[in-house]
Amino acid sequence: MLYWKRKVLVLLQLDPFLNELTSMFERSTEKGSVWVTLKRSSMKSKVKRNKMATAGEEIEYRCLIRATDGKKTISTSVGQKDHQRFQASYATILKARMTALKKRERKDKRKATDADKKPKSSKKQSTAL
């Protein structure tokens, strides 16, 4: 259990975290936002990390993921083994919830290159005195 700003931060397993994240996105569809932060963490205190570094032990870093909608905060920790599975599930959730985004208007490449190839006519006017 981690202590975070004098609050107890409870880490969920991956699947319950993803389910709760999906429900957060559903609750905030009409109004509100969901903030997701990812942070590298060793899940150990600074003192323990220093002791491990002086002893020559390797420190295993994990990815600490927090999500909040302003009312409720959830978090989980993902290791190297579960990273690919989590990333795929997280991407699927994000793609399903990004319905309000507009497609980017692209210029036709052929029209753009034809416009560049046209010679620019510059008329020089000479004035005689």
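In the predicted model, residues L14, D15, F17, L18, L21, T22, F25 and E26 of helix α1 are in contact with R85, F86, S89, Y90, I93, L94 and R97 of helix α3. Classified by residue type, the contact between α1 and α3 comprises 9 nonpolar, 2 polar and 4 charged residues. Helix α1 spans residues 14-27 and helix α3 spans residues 83-97; their axes approach within 11 Å and cross at roughly 10 degrees. Because angles under 35 degrees count as roughly parallel, α1 is assigned as roughly parallel to α3.

These two helices belong to a protein chain that contains 4 helices and 6 strands. Read from the N terminus, the order of the elements is β-β-β-α-β-α-β-β-α-α. The chain has 129 residues, of which 22% count as buried. Among contacts with a separation of 6 or more, 62% join residues 24 or more positions apart.

The largest nonpolar core consists of 14 residues, and F17, L21, A67, I74 and F86 have the most contacts inside it. At least two residues of this core come from each of α1, β5 (62-68), β6 (73-78) and α3. The greatest contribution is that of α1, which provides 6 residues. In soluble globular proteins, nonpolar side chains tend to be buried together. With residues up to four places away in sequence excluded, L21 touches V34, V36, A67, I74 and Y90.

L14 is located in helix α1. Its relative accessible area is 8%, and L14 is therefore buried, the threshold for this class being under 20%. When residues up to four places away in sequence are not counted, L14 touches T76, S77, V78, D82, R85 and F86. The C-alpha atom of L14 lies 9.3 Å from that of S75, although the two residues are 61 residues apart along the chain.

I93 is situated in helix α3. A relative accessibility of 13% places I93 in the buried class as well. I93 and N19 are separated by 74 residues in sequence, whereas their C-alpha atoms are 9.6 Å apart in space.

Terms used. Residues are numbered from 1 along each chain as its sequence is written. This is a predicted model: local features need pLDDT of at least 70, side-chain atom pairs count only at pLDDT 80 or more; totals for chains, interfaces and linings use all residues. Side-chain values use heavy atoms; hydrogens and water are left out. Buried means under 20% relative accessible area, exposed over 50%, partly exposed in between (1.4 Å probe, protein chains only). Contact means heavy atoms within 4.5 Å. Axes are lines fitted to C-alpha atoms, for helices over the stretch in contact, and angles run from 0 to 180 degrees between N-to-C directions. Angles under 35 degrees count as roughly parallel, over 145 as roughly antiparallel, 65 to 115 as roughly perpendicular and the rest as oblique. Ala, Val, Leu, Ile, Met, Phe, Trp, Tyr, Cys and Pro count as nonpolar, Asp, Glu, Lys and Arg as charged, and the others, Gly among them, as polar. A nonpolar core is a set of buried Ala, Val, Leu, Ile, Met, Phe, Trp, Tyr and Cys residues joined through side-chain atoms within 4.5 Å.
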